[in-house]
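Please go through the two ligand sites of the structure shown below. The account takes one ligand after the other.

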Amino acid sequence: MKRAFITGITGQDGSYLAESLLQRGYEVHGLIRRASVFNTDRIDHLYQDPHDQAVRLHLHHGDVTDPLALKRVIEESDPDEIYHLAAQSHVRVSFDQPLYTGHVGAMGTLNVLEAAKEVERRRDRPIRLYNAGSSEMFGASPPPQSEDTPFRPRSPYAVSKVAAHGYAVNYREAYGLHVVNGILFNHASPRRGETFLTRKVTRAATRISLGLQDHLWLGNLDARRDWGFAGDYVEAMWRMLQTDVPVDYVVATGRSHSVRDVVVAVFDRLDLDWEAHVRIDPRYLRPTEVAHLEGDASRIERDLGWKPEVGLDDLVDMMVEHDLAVAERERLLRDHGHGDVPRGRVTP
Ligand code: NAP
Ligand code: G4F
(Lines give C-alpha, C1' and ligand atoms only; values in the text may rest on other atoms or scores of the structure.)
(Ligands and ions follow the chains in the order given, each with its own letter.)
Protein backbone atom coordinates (compact mmCIF):
# COMPACT_ATOMS: atom_id res chain seq x y z
CA MET A 1 0.00 0.00 0.00
CA LYS A 2 1.39 3.41 -0.99
CA ARG A 3 1.46 6.12 1.65
CA ALA A 4 0.83 9.80 0.94
CA PHE A 5 1.32 12.82 3.17
CA ILE A 6 -0.75 15.94 2.43
CA THR A 7 -0.18 19.44 3.80
CA GLY A 8 -3.34 21.52 3.41
CA ILE A 9 -5.61 18.44 3.61
CA THR A 10 -8.42 20.51 5.15
CA GLY A 11 -8.46 22.88 2.14
CA GLN A 12 -10.42 22.59 -1.09
CA ASP A 13 -7.75 20.69 -3.03
CA GLY A 14 -6.56 18.66 -0.05
CA SER A 15 -10.04 17.26 0.47
CA TYR A 16 -10.48 16.18 -3.17
CA LEU A 17 -6.97 14.76 -3.26
CA ALA A 18 -7.41 12.77 -0.04
CA GLU A 19 -10.67 11.38 -1.42
CA SER A 20 -9.07 10.27 -4.68
CA LEU A 21 -5.95 8.79 -3.03
CA LEU A 22 -8.11 6.78 -0.59
CA GLN A 23 -10.13 5.53 -3.57
CA ARG A 24 -6.85 4.46 -5.19
CA GLY A 25 -6.00 2.39 -2.13
CA TYR A 26 -3.44 4.73 -0.53
CA GLU A 27 -2.91 5.22 3.18
CA VAL A 28 -3.29 8.97 3.61
CA HIS A 29 -1.68 11.16 6.26
CA GLY A 30 -2.69 14.79 6.58
CA LEU A 31 -1.29 17.76 8.45
CA ILE A 32 -3.95 19.76 10.27
CA ARG A 33 -3.69 22.96 12.27
CA ARG A 34 -4.97 23.11 15.79
CA ALA A 35 -7.98 25.39 15.89
CA SER A 36 -10.39 26.36 18.66
CA VAL A 37 -13.28 25.02 16.58
CA PHE A 38 -13.33 22.02 14.26
CA ASN A 39 -11.71 22.88 10.91
CA THR A 40 -12.18 19.55 9.17
CA ASP A 41 -15.56 20.14 7.48
CA ARG A 42 -14.24 19.30 4.03
CA ILE A 43 -12.85 15.94 5.08
CA ASP A 44 -15.38 14.90 7.72
CA HIS A 45 -16.98 12.50 5.24
CA LEU A 46 -13.62 10.72 4.91
CA TYR A 47 -12.90 10.57 8.63
CA GLN A 48 -12.48 7.13 10.15
CA ASP A 49 -12.43 6.16 13.81
CA PRO A 50 -8.71 5.90 14.65
CA HIS A 51 -9.50 2.85 16.81
CA ASP A 52 -10.59 0.95 13.73
CA GLN A 53 -7.80 -1.41 12.58
CA ALA A 54 -8.54 -0.80 8.90
CA VAL A 55 -8.17 2.96 9.18
CA ARG A 56 -6.37 4.52 6.20
CA LEU A 57 -6.75 8.24 6.96
CA HIS A 58 -4.51 9.65 9.69
CA LEU A 59 -4.49 13.29 10.79
CA HIS A 60 -1.50 14.89 12.53
CA HIS A 61 -1.36 18.26 14.22
CA GLY A 62 1.31 20.57 12.88
CA ASP A 63 2.07 23.62 10.83
CA VAL A 64 4.40 24.13 7.87
CA THR A 65 6.01 27.03 9.76
CA ASP A 66 6.99 24.65 12.58
CA PRO A 67 9.90 22.67 11.06
CA LEU A 68 10.50 20.37 14.03
CA ALA A 69 6.94 19.10 14.27
CA LEU A 70 6.72 18.93 10.49
CA LYS A 71 9.80 16.73 10.19
CA ARG A 72 8.59 14.49 13.00
CA VAL A 73 5.18 13.86 11.44
CA ILE A 74 6.68 13.25 8.00
CA GLU A 75 9.10 10.78 9.58
CA GLU A 76 6.26 9.02 11.42
CA SER A 77 4.04 8.94 8.33
CA ASP A 78 6.91 7.50 6.25
CA PRO A 79 5.32 8.59 2.93
CA ASP A 80 6.13 7.56 -0.64
CA GLU A 81 4.53 10.76 -1.90
CA ILE A 82 4.14 14.20 -0.35
CA TYR A 83 1.59 16.66 -1.69
CA HIS A 84 2.46 20.11 -0.36
CA LEU A 85 -0.69 22.22 -0.69
CA ALA A 86 -0.63 24.33 2.50
CA ALA A 87 -0.59 28.10 1.96
CA GLN A 88 -2.25 31.37 2.88
CA SER A 89 -3.87 31.14 -0.53
CA HIS A 90 -5.92 34.36 -0.75
CA VAL A 91 -4.31 36.95 -3.03
CA ARG A 92 -6.19 39.99 -1.65
CA VAL A 93 -5.43 38.97 1.93
CA SER A 94 -1.73 38.66 1.05
CA PHE A 95 -1.60 42.45 0.67
CA ASP A 96 -2.88 42.78 4.25
CA GLN A 97 -0.59 40.06 5.62
CA PRO A 98 2.48 40.02 3.36
CA LEU A 99 4.96 38.72 5.94
CA TYR A 100 2.69 35.96 7.15
CA THR A 101 1.86 34.95 3.57
CA GLY A 102 5.56 34.84 2.70
CA HIS A 103 6.39 32.95 5.86
CA VAL A 104 3.86 30.20 5.13
CA GLY A 105 4.22 30.16 1.33
CA ALA A 106 7.97 30.47 0.92
CA MET A 107 9.52 29.41 4.24
CA GLY A 108 6.83 26.79 4.80
CA THR A 109 7.74 25.21 1.47
CA LEU A 110 11.42 25.30 2.34
CA ASN A 111 10.60 23.52 5.61
CA VAL A 112 8.72 20.81 3.70
CA LEU A 113 11.59 20.36 1.22
CA GLU A 114 14.18 20.22 3.97
CA ALA A 115 12.16 17.70 5.97
CA ALA A 116 11.65 15.52 2.88
CA LYS A 117 15.36 15.63 2.03
CA GLU A 118 16.38 14.66 5.57
CA VAL A 119 13.78 11.91 5.95
CA GLU A 120 14.70 10.46 2.55
CA ARG A 121 18.37 10.51 3.43
CA ARG A 122 17.85 8.67 6.72
CA ARG A 123 15.59 5.93 5.51
CA ASP A 124 17.26 5.48 2.11
CA ARG A 125 13.98 5.16 0.19
CA PRO A 126 12.93 7.88 -2.27
CA ILE A 127 10.21 10.42 -1.63
CA ARG A 128 8.27 12.10 -4.44
CA LEU A 129 7.05 15.59 -3.69
CA TYR A 130 4.39 17.72 -5.37
CA ASN A 131 4.59 21.49 -4.82
CA ALA A 132 1.46 23.60 -5.36
CA GLY A 133 2.52 26.43 -7.66
CA SER A 134 0.14 28.99 -9.08
CA SER A 135 -0.67 30.82 -12.30
CA GLU A 136 -0.46 33.98 -10.17
CA MET A 137 3.31 33.59 -10.59
CA PHE A 138 2.91 34.68 -14.24
CA GLY A 139 1.25 37.89 -13.07
CA ALA A 140 1.89 40.58 -15.66
CA SER A 141 3.10 38.21 -18.41
CA PRO A 142 0.51 38.25 -21.20
CA PRO A 143 -1.52 35.13 -22.09
CA PRO A 144 -1.41 32.36 -23.08
CA GLN A 145 0.95 31.33 -20.25
CA SER A 146 2.91 28.08 -20.46
CA GLU A 147 5.85 26.50 -18.63
CA ASP A 148 8.16 28.78 -20.67
CA THR A 149 6.43 32.04 -19.72
CA PRO A 150 8.47 34.29 -17.39
CA PHE A 151 7.21 34.86 -13.86
CA ARG A 152 6.19 38.50 -13.23
CA PRO A 153 4.38 38.24 -9.87
CA ARG A 154 2.00 41.03 -8.80
CA SER A 155 1.20 40.23 -5.16
CA PRO A 156 2.95 39.09 -1.99
CA TYR A 157 1.17 35.76 -2.47
CA ALA A 158 2.54 35.39 -6.00
CA VAL A 159 6.05 36.36 -4.90
CA SER A 160 5.93 33.72 -2.15
CA LYS A 161 4.90 31.11 -4.75
CA VAL A 162 7.77 32.14 -7.05
CA ALA A 163 10.17 31.69 -4.13
CA ALA A 164 8.66 28.29 -3.32
CA HIS A 165 9.01 27.27 -6.97
CA GLY A 166 12.66 28.34 -6.94
CA TYR A 167 13.38 26.38 -3.75
CA ALA A 168 11.75 23.29 -5.24
CA VAL A 169 13.82 23.48 -8.43
CA ASN A 170 16.96 23.99 -6.34
CA TYR A 171 16.27 20.92 -4.17
CA ARG A 172 15.73 18.89 -7.33
CA GLU A 173 18.99 20.05 -8.88
CA ALA A 174 21.15 20.18 -5.75
CA TYR A 175 19.99 17.04 -3.92
CA GLY A 176 18.25 14.98 -6.60
CA LEU A 177 14.97 15.20 -4.67
CA HIS A 178 12.07 14.08 -6.87
CA VAL A 179 10.05 17.33 -6.81
CA VAL A 180 7.46 18.48 -9.33
CA ASN A 181 5.90 21.92 -9.50
CA GLY A 182 2.31 22.07 -10.65
CA ILE A 183 1.50 25.52 -12.01
CA LEU A 184 -2.25 25.46 -11.57
CA PHE A 185 -4.67 28.03 -12.88
CA ASN A 186 -7.80 28.92 -10.87
CA HIS A 187 -9.96 25.99 -9.95
CA ALA A 188 -13.13 25.92 -7.89
CA SER A 189 -15.85 23.56 -6.68
CA PRO A 190 -18.68 23.46 -4.17
CA ARG A 191 -15.89 23.18 -1.56
CA ARG A 192 -14.19 26.40 -2.65
CA GLY A 193 -13.57 28.86 0.18
CA GLU A 194 -16.39 31.40 0.38
CA THR A 195 -14.13 34.44 -0.02
CA PHE A 196 -12.91 33.44 -3.49
CA LEU A 197 -14.75 34.97 -6.41
CA THR A 198 -16.67 32.00 -7.84
CA ARG A 199 -17.98 30.73 -4.50
CA LYS A 200 -18.67 34.22 -3.21
CA VAL A 201 -20.91 34.77 -6.24
CA THR A 202 -22.72 31.42 -6.07
CA ARG A 203 -23.32 31.76 -2.31
CA ALA A 204 -24.64 35.31 -2.61
CA ALA A 205 -26.75 34.81 -5.75
CA THR A 206 -28.47 31.70 -4.38
CA ARG A 207 -29.20 33.52 -1.12
CA ILE A 208 -30.54 36.50 -3.08
CA SER A 209 -32.80 34.16 -5.07
CA LEU A 210 -34.34 32.92 -1.80
CA GLY A 211 -34.74 36.39 -0.31
CA LEU A 212 -31.98 35.92 2.28
CA GLN A 213 -29.92 38.91 1.16
CA ASP A 214 -30.18 41.79 -1.31
CA HIS A 215 -26.70 42.70 -2.53
CA LEU A 216 -23.37 41.27 -3.50
CA TRP A 217 -20.32 43.51 -3.12
CA LEU A 218 -17.46 42.86 -5.52
CA GLY A 219 -14.21 44.46 -6.75
CA ASN A 220 -12.78 44.34 -10.28
CA LEU A 221 -15.22 42.83 -12.80
CA ASP A 222 -12.85 43.06 -15.78
CA ALA A 223 -10.10 40.66 -14.71
CA ARG A 224 -9.98 37.44 -16.71
CA ARG A 225 -9.19 34.02 -15.27
CA ASP A 226 -8.99 30.46 -16.55
CA TRP A 227 -11.34 28.52 -14.24
CA GLY A 228 -11.44 24.74 -13.98
CA PHE A 229 -12.84 22.15 -11.56
CA ALA A 230 -10.75 21.17 -8.50
CA GLY A 231 -11.59 17.47 -8.92
CA ASP A 232 -9.91 17.46 -12.35
CA TYR A 233 -6.88 19.34 -11.03
CA VAL A 234 -6.08 16.91 -8.19
CA GLU A 235 -6.06 14.15 -10.82
CA ALA A 236 -3.36 16.15 -12.63
CA MET A 237 -1.34 16.45 -9.38
CA TRP A 238 -1.40 12.67 -8.92
CA ARG A 239 -0.41 11.98 -12.54
CA MET A 240 2.52 14.39 -12.22
CA LEU A 241 3.97 12.33 -9.40
CA GLN A 242 3.67 8.99 -11.21
CA THR A 243 6.43 9.62 -13.77
CA ASP A 244 10.02 8.57 -13.11
CA VAL A 245 11.49 11.87 -14.24
CA PRO A 246 10.20 14.98 -12.41
CA VAL A 247 8.82 17.61 -14.81
CA ASP A 248 6.91 20.83 -14.01
CA TYR A 249 3.50 21.32 -15.64
CA VAL A 250 0.92 24.02 -16.27
CA VAL A 251 -2.61 22.82 -15.51
CA ALA A 252 -5.42 24.87 -17.08
CA THR A 253 -8.50 24.65 -19.29
CA GLY A 254 -7.07 26.96 -21.97
CA ARG A 255 -10.14 29.24 -21.86
CA SER A 256 -10.55 32.44 -19.91
CA HIS A 257 -13.61 34.41 -18.81
CA SER A 258 -14.02 37.75 -17.09
CA VAL A 259 -15.30 38.10 -13.55
CA ARG A 260 -18.36 39.78 -15.10
CA ASP A 261 -18.95 36.68 -17.29
CA VAL A 262 -19.04 34.52 -14.16
CA VAL A 263 -21.44 36.88 -12.40
CA VAL A 264 -23.78 36.94 -15.43
CA ALA A 265 -23.64 33.14 -15.80
CA VAL A 266 -24.54 32.56 -12.14
CA PHE A 267 -27.33 35.16 -11.96
CA ASP A 268 -28.77 33.96 -15.30
CA ARG A 269 -29.03 30.41 -13.92
CA LEU A 270 -31.24 31.80 -11.16
CA ASP A 271 -33.28 34.13 -13.45
CA LEU A 272 -31.94 37.17 -11.60
CA ASP A 273 -30.88 40.53 -13.03
CA TRP A 274 -27.28 40.81 -11.80
CA GLU A 275 -27.14 44.58 -12.27
CA ALA A 276 -29.95 45.01 -9.75
CA HIS A 277 -27.95 43.25 -7.04
CA VAL A 278 -24.21 43.67 -7.65
CA ARG A 279 -22.42 46.66 -6.12
CA ILE A 280 -18.77 47.65 -6.30
CA ASP A 281 -16.75 48.05 -3.10
CA PRO A 282 -13.17 49.31 -3.55
CA ARG A 283 -12.03 47.25 -0.56
CA TYR A 284 -12.07 44.21 -2.85
CA LEU A 285 -9.71 45.81 -5.39
CA ARG A 286 -6.05 44.80 -5.25
CA PRO A 287 -3.19 47.37 -5.25
CA THR A 288 -1.77 45.47 -8.22
CA GLU A 289 -4.18 43.25 -10.16
CA VAL A 290 -3.41 40.45 -12.59
CA ALA A 291 -5.40 41.33 -15.70
CA HIS A 292 -5.51 38.13 -17.70
CA LEU A 293 -4.58 34.52 -16.99
CA GLU A 294 -5.21 31.87 -19.62
CA GLY A 295 -3.11 28.71 -19.57
CA ASP A 296 -1.55 26.64 -22.29
CA ALA A 297 -1.67 23.11 -20.84
CA SER A 298 -0.50 21.31 -23.98
CA ARG A 299 2.57 19.82 -22.27
CA ILE A 300 0.58 17.88 -19.65
CA GLU A 301 -1.93 16.76 -22.26
CA ARG A 302 0.85 15.50 -24.52
CA ASP A 303 2.97 13.83 -21.79
CA LEU A 304 0.39 12.58 -19.30
CA GLY A 305 -2.85 12.55 -21.31
CA TRP A 306 -4.48 14.93 -18.83
CA LYS A 307 -7.38 17.06 -20.02
CA PRO A 308 -10.03 18.88 -17.97
CA GLU A 309 -13.42 17.14 -17.91
CA VAL A 310 -15.45 20.05 -16.50
CA GLY A 311 -15.75 23.47 -18.18
CA LEU A 312 -16.98 26.71 -16.64
CA ASP A 313 -20.66 26.11 -17.53
CA ASP A 314 -20.77 22.74 -15.77
CA LEU A 315 -18.77 24.14 -12.86
CA VAL A 316 -21.28 26.96 -12.42
CA ASP A 317 -24.18 24.46 -12.57
CA MET A 318 -22.51 22.27 -9.95
CA MET A 319 -21.82 25.19 -7.60
CA VAL A 320 -25.23 26.83 -8.02
CA GLU A 321 -27.01 23.54 -7.35
CA HIS A 322 -24.94 22.96 -4.22
CA ASP A 323 -25.34 26.48 -2.86
CA LEU A 324 -29.06 26.56 -3.57
CA ALA A 325 -29.41 23.57 -1.24
CA VAL A 326 -27.27 25.36 1.39
CA ALA A 327 -29.41 28.50 1.10
CA GLU A 328 -32.62 26.45 1.36
CA ARG A 329 -31.39 24.97 4.63
CA GLU A 330 -30.50 28.45 5.88
CA ARG A 331 -33.98 29.74 5.00
CA LEU A 332 -35.61 26.80 6.75
CA LEU A 333 -33.60 27.47 9.90
CA ARG A 334 -34.39 31.16 9.76
CA ASP A 335 -38.12 30.46 9.26
CA HIS A 336 -38.08 28.23 12.32
CA GLY A 337 -36.60 30.94 14.49
CA HIS A 338 -32.96 29.87 14.46
CA GLY A 339 -31.69 33.18 13.03
CA ASP A 340 -29.80 33.71 9.80
CA VAL A 341 -26.13 33.26 8.91
CA PRO A 342 -24.34 36.53 9.79
CA ARG A 343 -24.05 38.56 6.58
CA GLY A 344 -20.34 39.06 7.08
CA ARG A 345 -19.79 35.35 6.62
CA VAL A 346 -21.35 35.20 3.19
CA THR A 347 -20.21 38.48 1.70
CA PRO A 348 -16.63 38.83 2.96
P1 NAP B 1 -7.28 26.52 0.52
O2 NAP B 1 -8.65 25.97 0.34
O3 NAP B 1 -7.10 27.91 0.98
O4 NAP B 1 -6.52 25.54 1.55
C5 NAP B 1 -5.28 25.88 2.10
C6 NAP B 1 -4.89 24.79 3.07
O7 NAP B 1 -3.61 25.12 3.66
C8 NAP B 1 -5.86 24.60 4.24
O9 NAP B 1 -5.92 23.24 4.57
C10 NAP B 1 -5.17 25.37 5.37
O11 NAP B 1 -5.50 24.93 6.65
C12 NAP B 1 -3.72 25.00 5.06
N13 NAP B 1 -2.75 25.89 5.70
C14 NAP B 1 -2.67 27.24 5.60
N15 NAP B 1 -1.63 27.68 6.32
C16 NAP B 1 -1.04 26.60 6.89
C17 NAP B 1 0.08 26.42 7.73
N18 NAP B 1 0.79 27.45 8.17
N19 NAP B 1 0.41 25.15 8.10
C20 NAP B 1 -0.33 24.11 7.69
N21 NAP B 1 -1.41 24.22 6.90
C22 NAP B 1 -1.76 25.45 6.49
O23 NAP B 1 -6.44 26.37 -0.81
P24 NAP B 1 -6.72 25.43 -2.10
O25 NAP B 1 -7.59 26.17 -3.05
O26 NAP B 1 -7.08 24.08 -1.66
O27 NAP B 1 -5.26 25.45 -2.76
C28 NAP B 1 -4.28 24.47 -2.43
C29 NAP B 1 -2.92 24.99 -2.81
O30 NAP B 1 -2.87 25.25 -4.21
C31 NAP B 1 -2.50 26.28 -2.15
O32 NAP B 1 -1.10 26.24 -1.95
C33 NAP B 1 -2.85 27.35 -3.17
O34 NAP B 1 -2.04 28.49 -2.96
C35 NAP B 1 -2.54 26.62 -4.44
N36 NAP B 1 -3.29 27.02 -5.63
C37 NAP B 1 -4.65 27.06 -5.60
C38 NAP B 1 -5.35 27.38 -6.75
C39 NAP B 1 -6.85 27.45 -6.78
O40 NAP B 1 -7.41 28.06 -7.71
N41 NAP B 1 -7.54 26.81 -5.84
C42 NAP B 1 -4.65 27.63 -7.94
C43 NAP B 1 -3.26 27.58 -7.93
C44 NAP B 1 -2.59 27.25 -6.77
P45 NAP B 1 -6.83 25.49 7.42
O46 NAP B 1 -7.98 24.68 6.85
O47 NAP B 1 -6.54 25.20 8.84
O48 NAP B 1 -6.94 26.94 7.10
O1 G4F C 1 -11.24 34.18 -6.69
P2 G4F C 1 -10.09 35.09 -6.54
O3 G4F C 1 -9.86 35.68 -5.19
O4 G4F C 1 -8.83 34.28 -7.06
P5 G4F C 1 -7.36 34.73 -7.53
O6 G4F C 1 -6.97 36.03 -6.95
O7 G4F C 1 -7.31 34.61 -9.01
O8 G4F C 1 -6.46 33.61 -6.84
C9 G4F C 1 -6.86 32.24 -6.82
O10 G4F C 1 -6.32 31.60 -7.96
C11 G4F C 1 -4.88 31.55 -7.99
C12 G4F C 1 -4.49 30.83 -9.27
O13 G4F C 1 -4.44 31.75 -10.32
C14 G4F C 1 -4.41 30.81 -6.76
F15 G4F C 1 -3.05 30.69 -6.79
C16 G4F C 1 -4.86 31.52 -5.51
O17 G4F C 1 -4.47 30.75 -4.37
C18 G4F C 1 -6.37 31.62 -5.52
O19 G4F C 1 -6.92 30.34 -5.40
O20 G4F C 1 -10.21 36.30 -7.57
C21 G4F C 1 -10.43 36.09 -8.96
C22 G4F C 1 -10.63 37.42 -9.63
C23 G4F C 1 -9.53 38.44 -9.29
O24 G4F C 1 -9.18 39.14 -10.46
C25 G4F C 1 -10.21 39.41 -8.32
O26 G4F C 1 -9.70 40.74 -8.35
O27 G4F C 1 -11.85 38.00 -9.16
C28 G4F C 1 -11.63 39.36 -8.86
N29 G4F C 1 -12.63 39.79 -7.88
C30 G4F C 1 -13.53 40.77 -8.09
N31 G4F C 1 -14.27 40.96 -7.00
C32 G4F C 1 -12.79 39.32 -6.63
C33 G4F C 1 -13.83 40.07 -6.06
N34 G4F C 1 -12.14 38.35 -5.94
C35 G4F C 1 -12.54 38.13 -4.65
N36 G4F C 1 -11.92 37.14 -3.95
N37 G4F C 1 -13.53 38.83 -4.06
C38 G4F C 1 -14.22 39.84 -4.72
O39 G4F C 1 -15.09 40.48 -4.17
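In this predicted model, a polar side-chain atom of arginine 192 is placed 3.1 Å from a nitrogen atom of ligand 1. The protein covers 89% of the 900 Å² of accessible area that ligand 1 has on its own. Two or more residues of the shell come from each of helix H1 (12-23), strand E5 (128-134) and helix H5 (156-175). Strand E5 gives the most, with 3 residues.

Ligand 1 also has polar contacts through its oxygen atoms. One oxygen lies 2.5 Å from a polar side-chain atom of tyrosine 157, and an N or O atom in the side chain of lysine 161 is 2.8 Å from an oxygen of the ligand. Tyr157 is also among the residues that come nearest to ligand 1, together with Thr10, Asp63, Leu85 and Ser89, out of 24 around it. By class, this shell has 9 nonpolar, 10 polar and 5 charged residues.

The side chain of arginine 286 has an N or O atom 2.5 Å from an oxygen atom of ligand 2. For lysine 200, the distance from a polar side-chain atom to a ligand oxygen is 2.8 Å, and for an N or O atom in the side chain of arginine 225 it is 2.9 Å. The protein covers 96% of the 710 Å² of accessible area that ligand 2 has on its own.

Conventions. Residues numbered from 1 in each chain as written. Chains lettered and ligands numbered in written order. Predicted model: local features only at pLDDT ≥ 70, side-chain atom pairs only at ≥ 80, totals over all residues. Heavy atoms only, no water. Polar contact = N/O pair within 3.5 Å; in protein donor to acceptor, adjacent residues only side chain to side chain. Areas by Shrake-Rupley, 256 points an atom, 1.4 Å probe, with all protein chains shown as cover. Near = heavy atom within 4 Å. Helix = DSSP H or I, 4+ residues; strand = E, 2+ residues; numbered from the N terminus. Nonpolar A, V, L, I, M, F, W, Y, C, P; charged D, E, K, R; others polar.
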